[in-house]
Amino acid sequence: MGTLIKNGTVVSAESSAKLDVLIEGETIAAVGQGLNEAGHTVVDATGLLVIPGGIDVHTHLDMPFGGTTSADDYTTGTQAAAVGGTTTVIDFALQNQSSTLKEALEIWLKKSDGKACVDFSLHMAVTNLHGTNGEETLNEMEEMTKAGISSFKLFMAYPNVLMINDELMFRVMEKAASLNALCCIHAENGSAIDVVVARMAAEGKTEPHWHALSRDPKAEAEATHRAIALADMTGAAVYIVHLSNEYALDALEHMQARGARALAETCTQYLVLSLEEQMPGKSWEEAKFVFTPPLREKRHQEPLWKALADGSITVVSTDHCPFTMEQKALGRDDFRKIPNGGPGVENRMQILWHFGVNAGRITPEQFVALSSTNPAKIFGMGGQKGRIAAGLDADVVLWDPNKEYTLQAATQRMGNDYNLFEGWTVKGNAAKVFSRGELVVDNETQPGAFLGATGRGRFVKRECNAGGFA
Ligand code: URP
Ligand code: ZN
Ligand code: ZN
């Protein structure tokens, strides 16, 4: 006996059609018109869209950072994802500079063990190379790909913590090219930014607002161009994470037009929040918005939306890295000590739908592409997730385009105590969420509750496909 979803509109990255969807066990068994109801539990999806479960490829769960640890562990973080219609996350394992990639992987698998509630995968952040010419670590990259990790993260910012130099980046890119793996880049010129940061601190500019002003959009553009140029020299495919502004977008498009195998994501916060509106420089409360890259001037938003519509940016993620206000207070008197990061995984689909589709900036099909299908393909799991098609995991969301929903900390599942979009009412929300065939969220009858067992989420092994360019 399966679950038969009837009367809904199935939306793919290409088209929409009235189709039935049959789920048997953990997979989608059939998609078609007039599927036979006999023996199945029928779910009536009249008025609803049937879309593939969201995939957020940029989260930081249980991550030590800025002298503390992000406020969502694998349980609360993945439950929050599910409640908002996201059924897979890709989190980051971070290599400790003195350790191996294998040790980092073990640490992150332990963090997730028995805790993840939806499926997840990991990128591996390389922060140091060991052995002659880095060979020990570079060889480990191959082992990582065998373990299902097909993307490597490099930070061009956060000096003395995570930042790498160009030599390391180049060597990792060469290796990634030989493995068909994808290089994910936090692109900001960390050295230049640090000069500005130190000067501001010396001038007594300590409020959260200065965090944003210390990180010029051009420092992001410069690093974006450098990363793509170096990747192009090595033949590696590259994916720029959390691209936040028009200058960085120019750099991306410039290199894309010249044939570089370059992809990018932006995040919900850069699409709808701004320096002028959220961080006018008046209060400590602005620490809520201290993340990196910072909020930009409002004029950068429309170019990002346009890039989503025309395909130069192909993914919307969140960079979910929540901290409570108590944690943020580590930097009460010095913005340099405020843990960088904000919450978002629960609200990605709602924000993208409301400000994208409802506002006429993107189509429902583009919404599906940006939130699920493209992330699956780019990150080497398109054969398992990201589409409503027979044989794939039954990660299925019944999306109610007319449901009004107010985003607020009081009712959110995310583990911190504020919401970036506090009090905003959006139209469009997940009504029911199936993860590998199991109904894990029913926002129609039990809003905000996670109905599955803790620890049911599985690690997803991903293929090396050079971001889909291979
Ligand atoms: O502020 C942020 N984004 N924190 C998480 C680490 C990163 O740079 O992605
Ligand atoms: Zn980053
Ligand atoms: Zn991040």
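**Helix packing and a zinc site**

Helix 3 passes helix 4 in a right-handed crossing (right-handed if the near helix is turned clockwise from the far one by less than a right angle, left-handed if anticlockwise). This is a predicted model, in which local features need pLDDT of at least 70 and side-chain atom pairs 80 or more, while totals for chains, interfaces and linings use all residues. Residues are numbered from 1 along each chain as written, chains are lettered from A and ligands numbered from 1 in written order, and side-chain values use heavy atoms, without hydrogens and water.

The axes of helix 3 (residues 135-146) and helix 4 come within 10 Å and cross at roughly 40°, axes being lines fitted to C-alpha atoms over the stretch in contact, with angles from 0 to 180 degrees between N-to-C directions.

The zinc ion (ligand 2) is coordinated by His-186 (ND1) and His-242 (NE2) at 2.0 to 2.1 Å, donors being N, O and S atoms within 2.8 Å of the metal (3.2 Å for Na, K and Ca). His-186 lies in strand 14 and His-242 in the loop between strand 15 and helix 8, so the pair ties together parts 56 residues apart in sequence. The zinc ion (ligand 2) and the zinc ion (ligand 3) are separated by 3.8 Å.

How values were computed:
Helices (H or I, at least four residues) and strands (E, at least two) are DSSP runs, numbered from the N terminus.
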